[in-house]
Amino acid sequence: AWMIWLSFEPAGLIFPWDTMLQEVGFLVLFLPIVAPLPSLHTTALPLPAVAFSFRWLVLRLMLGFGKVKFIGTTKSDALYLQGFFVWAPLPSPLGWYAHHAPHWLHKASLAFMFFGEVIAPVLGFFSGPLRIVSFVSLTCLMIGIQLTGNWGYFNIGYVLLATCLLDTQSSIFDVFQEPWLSRAWTPADLVFNSSLAVLFVLTLVAFVFNSW
């Protein structure tokens, strides 16, 4: 199914919601097997590299939007959201009211967008309560965008994907602890960790030139 989806790429799957599905579709191949219905739990914890890859996707995606919006901005862009609310795809009635909101509200909303797209993703790299702050901020931002414009499934899908931030204790450095350390040299773990390491390096390089 992932290969079939990927085959549409030359036809123009260039939007962030398309590329998000492509990468998520690849990452889920590395998740543990899910227990049969009606159970909804997995049979094991994901590898630390897999858990990190999901967090990295969530945080990199939002940092990319922040990079596009805020690098090179000036004070003259303080009312950016006033226009955003009406040129968004199929603005909602709430978006129309937001467009006509007082200028101070547009400026305050832009400040929150800056926090959500630049500061909150960085907080998500830390463990503990800061990761919860990151999740709540990103979720509120996505809900606000969804209520004022129609971006399809992107905002909903992103919030669901961001739930990986609710695991406040996991870290990529867990690979040096048990039970992962003793199985690190097994063929399966070597393939998984090597593949995800290559993916991380490629996305790190691509981030400089692209936004997601």
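At roughly what angle do the axes of helix α2 and helix α3 cross? The axes of these two helices cross at roughly 170° and come within 11 Å. The model is predicted. The protein has 212 residues, and its secondary structure comes to nine helices and zero strands.

**Overall build**

- From the N terminus on, the elements run α-α-α-α-α-α-α-α-α.
- The C-alpha trace spans about 60 × 40 × 40 Å along its principal axes.
- Of the 212 residues, 39% count as buried.
- Among contacts with a separation of 6 or more, 71% come from residues 24 or more positions apart.

**Helices α2 and α3**

- Helix α2 covers residues 16–27, and helix α3 covers residues 48–70.
- Angles over 145 degrees count as roughly antiparallel, and α2 and α3 are therefore roughly antiparallel to each other.
- On the α2 side, the residues that meet α3 are Pro-16, Met-20, Glu-23, Val-24 and Leu-27.
- On the α3 side, the partners are Val-50, Ser-53, Phe-54, Leu-57, Arg-60, Leu-61 and Phe-65.
- Sorted by class, this contact of α2 with α3 holds nine nonpolar, one polar and two charged residues.

**Largest pocket**

- The largest pocket has a volume of about 500 Å³.
- It is lined by 22 residues, of which Leu-31, Leu-45, Pro-46, Ala-51 and Asp-167 are the closest to its centre.
- The lining of the largest pocket consists of 14 nonpolar, four polar and four charged residues.

**Asn-155**

- Asn-155 lies in helix α8, which covers residues 154–162.
- Is Asn-155 buried or exposed? Its relative accessibility is 3%, so Asn-155 counts as buried.
- Leaving aside neighbours within four places in sequence, Asn-155 is in contact with Met-142, Ile-145 and Gln-146.

**His-103**

- His-103 belongs to helix α6, which covers residues 103–123.
- With a relative accessible area of 42%, His-103 is partly exposed.
- Which residues does His-103 touch, not counting those up to four places away in sequence? They are Leu-79 and Gln-82.
- Pro-93 is ten residues from His-103 along the chain, and the C-alpha atoms of the two are separated by 18 Å.

Notes: Residues are numbered from 1 along each chain as its sequence is written. This is a predicted model: local features need pLDDT of at least 70, side-chain atom pairs count only at pLDDT 80 or more; totals for chains, interfaces and linings use all residues. Side-chain values use heavy atoms; hydrogens and water are left out. Axes are lines fitted to C-alpha atoms, for helices over the stretch in contact, and angles run from 0 to 180 degrees between N-to-C directions. Helices (H or I, at least four residues) and strands (E, at least two) are DSSP runs, numbered from the N terminus. Angles under 35 degrees count as roughly parallel, over 145 as roughly antiparallel, 65 to 115 as roughly perpendicular and the rest as oblique. Contact means heavy atoms within 4.5 Å. Ala, Val, Leu, Ile, Met, Phe, Trp, Tyr, Cys and Pro count as nonpolar, Asp, Glu, Lys and Arg as charged, and the others, Gly among them, as polar. On a 1 Å grid over the protein atoms alone, a cavity is a set of points where a 1.4 Å probe fits but cannot get out, and a pocket is an open set with protein on both sides within 12 Å along at least five of seven lines; lining residues have an atom within 4 Å of a point. Grid points are joined across faces, edges and corners, and a volume is the space filled by probe spheres set on the points. Buried means under 20% relative accessible area, exposed over 50%, partly exposed in between (1.4 Å probe, protein chains only).
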